[in-house]
Amino acid sequence: MAKTRLETGAVLDGFTIGELIHRGGMASLWEVTREGDPTSCLMKIPVLQEGEDPAAIVSFEMEQMIMPRLKGPHVPRHIANGDFAVQPYIVMERLTGETLLPQIDHVPMPAEKVAAIGAGLADAVEALHRQGVIHLDIKPSNIMFRPTGETVLIDYGLAHHRDLPDLLQEEFRVPYGTAPYMAPEQVMGIRSDPRSDIFAIGCLMYFFATGVRPFGDPQKFKGLKKRLWRDPVPPRKLRPDIPPWFQEIVLRCLEVKAGRRYPTPAQLAHDLRNPTQVQLTARAGKLEKDGFFAVLKRKGEPHRTLIDKPLEREAEASDAPIVAAAVNLDDMTPELAGKIRRTLQRILERSPEARLAVLNVLKLNRIAMDQSLDDEGNNKHVARLVGLKDWTRPMKVAQGRVTYHVLEAIDPADKILDYARVNNVDHIVMGARANSTMRRILGSVSGKVAMEAPCTVTVVRVRGAEE
Amino acid sequence: MRLGIISDVHANAPALEASLAALAGLKVDRLVILGDVVGYGPDPEPVTQRIAGLVTQGAICLMGNHDAAAVGAKASMNDGAAAAIAWTKPRLSESSRGFLSGLPMTAMLEDMLFVHADASNPADWIYVLDAATAMQSLLAVKARVTFVGHVHRPQVYCLTATAKVIAHTPTTNTAVPLSPQRQWLAVAGAVGQPRDGNPAASFLTYDTGSRELTFHRATYDYEATAQRVRDAGLPERLAERLISGT
């Protein structure tokens, strides 16, 4: 192997090596520049020494395979890979600012602040999962932020790609991950469940809101496995000011069986952004750990039965879609309402893990200051919420599967589109305006939504209802 | 160099033509046929002649167990396969028989090995069906990348530094990078009789520069081929499986 001496000023494949930014156990990070490219880049070079843990090499190979295949604002842009036969490296975009790690000096933080961090993190993980990648090492030191606010996930050394051979799968007996954040199935060697990342987000939120790691930081396999049967202290026991909705969300993320967690990060982010709509269960009110006998019973069971079996086919986000129904309460015939509800029911039946968000846009007056009270002094917002629930009631959707949202906007189409983008909505269902004269004058909301939406749009129309 | 790799054409001319047309679009530099030119399908003579023509233009073609049986080798086969071979034999011209008899059992190119079945003992026609048989094949060869057919279901195996085998089911049209520090074995799907639940012809490309392996599909009128299998009096099961892809 012809090794280039790595030092400031050296040139490697056209990259001029600048200052050493970080030297870690697995890799060192250097600032590099390339002629004709004004952007600052980062070169990651693995520590490869004789007798070194082979996992370090395999993990670097995986990162070289996965990073070039990722795109979007939630990952560092990949620039180049160095050949293993000469000098392995990865050159990527250099992100400014710090990771989330220094923030652990400021825990516990208010639940609302942690929920905001968690929602941004869930957005990033959702973007990754949609590209077929499970991160499997989500922790504060692997989380950064763009100046525009997006959360960025770094370090793909333990990641799993749905469409690539997983070189870490069979190679090593010990599970790979970071002890405080590792999901129970990951402890048991399963690397193909996207919901392992949801568990890690739950660990992070628990830690940031309470100042305590839910499962400590065990260093041995035996200690890691304890999370299969020993539940964490409920956050509200540690910090009584934590609201029930927050504990509900965190404990759902920390369910031992992956099937009981949020099916997708998008659904988790939606709950974190809509705390008043979180369906509270026994998790929210729990103030003590499970009793001695319950834990003893779990501990005695075969460990494989405590976790969910690996998925036959790796789940795709579309199996648990967020469906948004945009409902216009002022201008809808009973026929159209019935038809929209039937359309929604068919979608919900096909996808048992789908979530339904029922939206209504309260149109604001463009000129005058709008008043939120109507002539009788009723709050319009509350009245609309009640109206939406009544509209949805005939569908008999299970509580907890449906949320109601009254949005305020001058342009309803823009607001619906904005909602769909922010919440990673997969499917918008809405009715076409019945009256064609009205549509001519006011323009078509559904037409604009269908044209500009980031997802599937179903426009429901009753045949023969045109005037 | 980009290689186009096809296998198990099994006397299915429309499936072969659909695959060759798709490979032409993918701009491959050289073609490799991993054996089983004939057997099962209704077009033994035209398919053999077409592939013989490709070989004169530089393609590599290997011997498959059905090819060996069609030119007289003793073979242990199930009833359907044996019936198809009996049907095939009198339908091959002298020149086609000559071409099939002359096919090599293995071929090497750079760091690649091509063989119809398990590489540890090609003449035994052992199916590379799982990690254990893949291991047997991988340990027997020096080649960095081995390409086999015979199984009719696409799969990729990798021998790791600690002598374990990783199995990976490839996704169509998604490139798999084969890292140079380890040994790989790719099982091509079948052009003429896929068995992975998808009736479309299956084949792959391998870019020796970027070391990227990509599996592809090309659909064709398999119902028409199935009808010709029936019209030829071949076993009904051979027609059915072209439509179901199993």
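Predicted model: local features only at pLDDT ≥ 70, side-chain atom pairs only at ≥ 80, totals over all residues.
View 1. A residue counts as buried here if 20 or more other C-beta atoms lie within 10 Å of its own. The buried residues of H7(A) are Trp245(A), Phe246(A), Gln247(A), Glu248(A), Ile249(A), Val250(A), Leu251(A), Arg252(A) and Cys253(A).

**View 2. Domains 2 and 3 of chain A.** Chain A is divided into domain 1 (11-93), domain 2 (101-317) and domain 3 (321-460). This view shows domain 2 and domain 3 of chain A, whose C-alpha centres lie 32 Å apart. Domain 2 of chain A gives 9 residues to the contact, and domain 3 of chain A gives 9 residues. On the side of domain 2 that touches domain 3, the largest share, 4 residues, comes from H8(A). The residues on that side of domain 2 comprise 3 nonpolar, 5 polar and 1 charged.

**View 3. Helices H2 and H5 of chain B.** Helix H2 (residues 44-56) and helix H5 (residues 94-101) of chain B pack at an angle of about 60°, and their axes are 10 Å apart. The two helices are therefore oblique to each other. The crossing in which H2(B) passes H5(B) is left-handed. From H2(B), the residues Glu45(B), Thr48(B), Gln49(B) and Ala52(B) meet Ser96(B), Phe99(B) and Leu100(B) of H5(B). By type, the residues of this contact are 3 nonpolar, 3 polar and 1 charged. An α-helix has 3.6 residues a turn, so residues three or four places apart point the same way.

**View 4. The contact between chain B and chain A.** Chain B contributes 15 residues to this contact, and chain A contributes 13 residues. On the side of chain B that touches chain A, the elements that give two or more residues are strand E7 (155-159), strand E8 (165-168) and strand E9 (176-177) of chain B. The residues on this side of chain B divide into 7 nonpolar, 7 polar and 1 charged.

Conventions
Residues numbered from 1 in each chain as written. Chains lettered and ligands numbered in written order. Buried ≥ 20, exposed ≤ 12 C-beta atoms within 10 Å, placed from the backbone. Axes fitted to C-alpha atoms, helices over the stretch in contact; angles between N-to-C directions. Parallel < 35°, antiparallel > 145°, perpendicular 65-115°, else oblique. Left-handed = near helix turned anticlockwise from the far one by under 90°. Contact = placed C-beta atoms within 7 Å. Nonpolar A, V, L, I, M, F, W, Y, C, P; charged D, E, K, R; others polar. Domains from an automatic or database assignment.
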